[in-house]
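Thanks for passing this one along.

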Amino acid sequence: SFNLVKHLTLWRILDSLMMLLTVWSLHQLVSDDASDCRMILCCFLAFFLIPFSLYSSAGWVVTSLVYVWPTACLLFSLVPVKKILQEKRVSCVQYVTAFAALIFALNMEQSMIILFGLDILMLGYTFWWLPSQENKTVLEGRCFFILRAVIEIVSVIFTFTCPGNFARKAKEVVSWFPDFDQLSLVRKMEMGFSSTLFYFVF
């Protein structure tokens with residue numbers, strides 16, 4: 001983000017591309033018709049349901065790099081997942097770009113937890129519930145989900161063992177919410193859920 005602050009034109013181009021990638025990926029996930037203009041419009045509208053003020057909550061460059069871009073990569077990394085579940089062929093380019101997007105998406109902890117939980121479910125589905133025929137697409141899908149899970153496990157371990165994360169948490173809690181550690185897990189979850197929905201409801 002430091003380098004992008006110095007190159008705002010580059011950031012504007014990349015940020016615009018990431019926004020388009022988010023909409024494109026969302027459309028790929030919810031529709032099988034690439035020419036369905038109504039669904040494309042719905043995906044654009046869904047993207048802009050997020051209050052625009054949130055995109056600058058931590059500064060335009062930092063917010064986009066930490067939240068918008070990982071979200072775009074998260075959605076893009078799921079496009080091959082849909083194809084595998086539909087038993088459609090996935091090209092090598094799609095696999096490679098999906099893994100690259102996955103690695104970037106894991107930089108955001110929320111994306112990491114969502115992807116890890118989802119891929120554990122997908123592993124169970126492909127090994128136990130997918131139709132028993134051992135065709136090439138199913139076998140590739142199993143390998144794909146295993147590799148994704150391995151990458152995600154490494155990311156989880158790195159996140160929870162990185163001393164910088166704990167140092168930052170301690171500093172932020174003291175500065176912004178001294179009573180945070182006194183709250184129960186249920187209360188913390190409720191606050192996170194309600195504070196997120198606040199921007200969509202009110």
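Is Arg187 buried, exposed or partly exposed? Arg187 is partly exposed, with a relative accessible area of 40%; buried means under 20%, exposed over 50% and partly exposed in between (1.4 Å probe, protein chains only).

1. A word on the basis: this is a predicted model, where local features need pLDDT of at least 70 and side-chain atom pairs pLDDT 80 or more, while totals for chains, interfaces and linings use all residues. Residues are numbered from 1 along each chain, and side-chain values use heavy atoms, without hydrogens or water.

2. Arg187 pairs with Glu190 in a salt bridge, with the closest N and O atoms 2.4 Å apart (a Lys or Arg side-chain nitrogen within 4 Å of an Asp or Glu carboxyl oxygen). Both residues sit in helix α10 (residues 185-201), 3 residues apart, about one turn of the helix; helices are DSSP runs of H or I, at least four residues, numbered from the N terminus. Glu190 is partly exposed too, at 37% relative accessibility.

3. By this rule there are 3 salt bridges. One of them joins the side chains of Asp32 and Lys82 at 2.9 Å, N to O. That pair links distant parts of the chain, 50 residues apart: Asp32 is in the loop between α2 and α3, Lys82 in helix α5 (residues 79-85). Asp32 counts as exposed at 57%, whereas Lys82 is buried at 16%.

4. Asp119 and Arg148 also form a salt bridge, at 2.8 Å between the closest N and O atoms. Asp119 lies in helix α7 (residues 109-129) and Arg148 in helix α8 (residues 136-161), so the pair ties together parts 29 residues apart in sequence. Both residues are buried.

Notes: Helix = DSSP H or I, 4+ residues; strand = E, 2+ residues; numbered from the N terminus.
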